[in-house]
Amino acid sequence: MASEESFVVLVHHRGSIKRKTRSGVKFTDKDPLCIVVKPTTSYDDLVRSVLMKLGLEAAAAGSSSRPAVASSSVPVYEPAVQPVASPSFAVDLNDGVGDVVGSVDILPNALQGVPPVGVGDGVLGDVEEDDVEPDMIEDDSGDEVGAKGVSGHSVGFGARDAEGTAGLTEFQVGQQFQDKDEALLSVKTYSIRRGVQYKVVESDHRRYVGKCSEFGNGYTWLIRLSLRKRKGIWEVKRYNGPHTCLATSISSDHRSLDYHVISAFVMPMVRADASVRIKVLLNATAAHFGFRPTYRRVWMAKQKAIALIYGDWDESYNELPRWVLGDQLTMPGTVAILRTSPVRVSGQVDESQAFFHRLFWTFPPLIQAFRHCKPLVSIDGTHLYGKYGGTLLIAIAQDGNSNILPVAFALVEGENAESWSFFLSHLRQHVTPQPGLLVISDRHNGIKAALEAPDGGWLPPSAYRAFCIRHVAANFALTFKGKDARRLLVNAAYAKTEVEFDYWFDILQSKDPAMCE
């Protein structure tokens with residue numbers, strides 16, 4: 001291993017041993033650690049990295065200086081210096097080299113911009129106290145969609161009691177909940193359905209006490225829940241009910257209908273269709289609970305549901321090294337080039353994490369299929385609208401029947417000369433080494449710079465460039481209005497002979513010589 005490239009190593013630190021397998025003994029672990037090492041990394045350095053990742057004291061384990069050997073590898077290249085706003089990995093990518101890309105607060109990734117997983121601690125004071133809503137949320141486009149026909153799981157009151165009875169209308173002493181979140185959800189749902197208010201008197205990891213907002217003024221509603229440590233369940237220890245007070249004012253909203261409760265209700269709808277519109281969820285929530293929450297609160301509820309189903313943004317980026325390694329292990333020949341940038345805190349490089357910079361990948365079947373496609377490739381980029389933005393670059397081929405086939409992908413910070421050079425250089429190296437290739441693209445300056453680079457391998461006669469007629473026609477239509485002129489231009493572009501081209505071009509010239517220029 002003379003190379004100085006770094007490699008991702010999976011460290012199994014918890015799991016189980018399976019015997020009598022084909023390989024004799026197999027250690028399984030659903031959540032291994034991702035550690036990046038160099039061929040020169042010592043055994044002590046590896047141990048320190050593992051302990052740091054586990055959050056333990058990084059004490060030296062022995063005095064051995066044996067190098068750590070990776071069973072599978074993911075090349076990690078030094079990034080070009082390109083300041084970008086990008087997420088950080090909570091993995092030990094200590095090979096990142098480069099200038100300061102950004103600054104980070106020393107917080108666990110799970111706490112960075114992620115709403116609480118639980119359903120909150122009820123109403124402690126302010127009406128919107130656990131609805132920390134963003135300043136501005138863009139509204140859905142389109143007309144209002146009613147709740148009719150929207151199917152969803154009912155999150156109404158009624159957990160199981162000690163005998164397993166379901167569908168209760170009042171709490172009962174001895175009634176059990178699998179965890180505190182479920183208990184609080186039932187208390188909130190109860191107050192929403194009754195149209196009454198309550199306040200939290202006590203709430204911690206062992207007990208929860210709620211009282212009627214008018215407790216002591218002739219009203220006695222109270223509920224006390226406690227954790228049963230042996231069983232790990234929550235149980236109603238005391239209950240004064242039913243809730244007898246009346247709402248002092250008529251309101252279209254309810255303080256207990258926070259985004260945690262709404263998230264639990266809309267979860268099945270989001271799971272069935274992650275693109276479901278906020279207005280659909282809002283109308284379904286209003287129809288179910290009888291109160292109409294704000295658009296922002298439903299938006300937050302959907303974000304929480306998506307995070308619980310698919311993982312949050314930080315988790316998704318933290319999964320990239322493992323995803324790359326998993327692809328390489330299950331599909332040998334997979335090409336994945338991950339570039340990162342270092343994280344600096346107070347002027348010092350934090351080797352426990354790194355900023356995501358760029359990723360190129362392709363799969364063996366795509367590489368093999370391209371050998372049987374037409375000798376052309378279309379390239380383009382599309383903006384990503386998630387938390388961290390960025391751009392997805394893609395290369396598409398075409399077979400003999402004009403069916404399209406994606407052959408390579410890249411996640412980059414945006415369309416510029418550096419990112420296109422990164423994508424096109426690896427595309428040329430791993431997927432399209434054939435000479436005489438035709439590249440179809442728009443007129444982006446970043447693509448132009450990358451294709452015209454002397455050492456890029458994209459200059460004639462190795463490769464030739466053509467412009468995408470869709471982009472040309474779109475730009476043409478900005479100056480020359482009318483569908484007829486655009487149709488003539490497209491017909492000329494698709495002409496298969498010079499005579500056919502001259503025919504359409506002459507018609508275009510007769511209409512307006514400026515069009516031909």
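User: Which element has the lowest mean pLDDT and which the highest?

Analyst: This is a predicted model, where local features need pLDDT of at least 70 and side-chain atom pairs count only at pLDDT 80 or more, while totals for chains, interfaces and linings use all residues. Residues are numbered from 1 along each chain as its sequence is written, and side-chain values use heavy atoms, with hydrogens and water left out. pLDDT is the predictor's confidence in each residue, from 0 to 100. Strand β5 (residues 76-77) has the lowest mean, 34, and strand β15 (residues 391-398) has the highest, 97. Helices here are DSSP runs of H or I with at least four residues, strands are runs of E with at least two, and both are numbered from the N terminus.

User: Where is the pLDDT below 50?

Analyst: Residues 58-85 have pLDDT below 50, yet this stretch has 75 contacts in the model beyond near neighbours in sequence. A contact means heavy atoms within 4.5 Å. Residues 90-167 also stay under 50, with 203 contacts beyond four places in sequence. Where pLDDT is low, the predicted coordinates should not be read in detail. For the protein, the mean pLDDT is 75, and 70% of its residues reach 70 or more.

User: What makes α3 oblique to α4?

Analyst: The axes of helix α3 (residues 259-272) and helix α4 (residues 278-289) cross at roughly 120° and come within 10 Å. Axes are lines fitted to C-alpha atoms, for helices over the stretch in contact, with angles from 0 to 180 degrees between N-to-C directions. Under 35 degrees counts as roughly parallel, over 145 as roughly antiparallel, 65 to 115 as roughly perpendicular, and the rest as oblique. So α3 is oblique to α4. The crossing is right-handed; that word applies if the near helix is turned clockwise from the far one by less than a right angle, and left-handed if anticlockwise.

User: Which residues make that contact?

Analyst: On the α3 side they are Val261, Ile262, Phe265, Val266, Met269 and Val270, and α4 brings Leu281, Ala284, Thr285, His288 and Phe289. By class that's 9 nonpolar, 2 polar and no charged residues. Nonpolar covers Ala, Val, Leu, Ile, Met, Phe, Trp, Tyr, Cys and Pro, charged covers Asp, Glu, Lys and Arg, and the others, Gly among them, are polar.

User: Why are α2 and α3 called roughly perpendicular?

Analyst: Helix α2 (residues 180-194) packs on α3 at about 95°, with the axes 10 Å apart. The two are therefore roughly perpendicular to each other. Leu185, Lys188, Thr189 and Ile192 in α2 meet His260, Val261 and Ala264 in α3, giving 4 nonpolar, 2 polar and 1 charged residues.

User: And what makes α12 roughly antiparallel to α13?

Analyst: Helix α12 (residues 483-493) and helix α13 (residues 498-511) have axes that cross at roughly 155° and come within 8 Å. That angle is why α12 counts as roughly antiparallel to α13. Their crossing is left-handed. In α12, Asp484, Ala485, Arg487, Leu488, Leu489, Asn491 and Ala492 meet Phe501, Trp504, Ile507, Leu508 and Lys511 of α13.

User: What about the backbone: where is the cis peptide bond?

Analyst: The cis bond joins Pro460 and Pro461, with omega about 5°. Pro461 lies in the loop between α10 (445-451) and β18 (463-467). Separately, Ser346 has a positive phi of about 55° although it is not a glycine; Ser346 is in the loop between β12 (335-345) and β13 (348-362).
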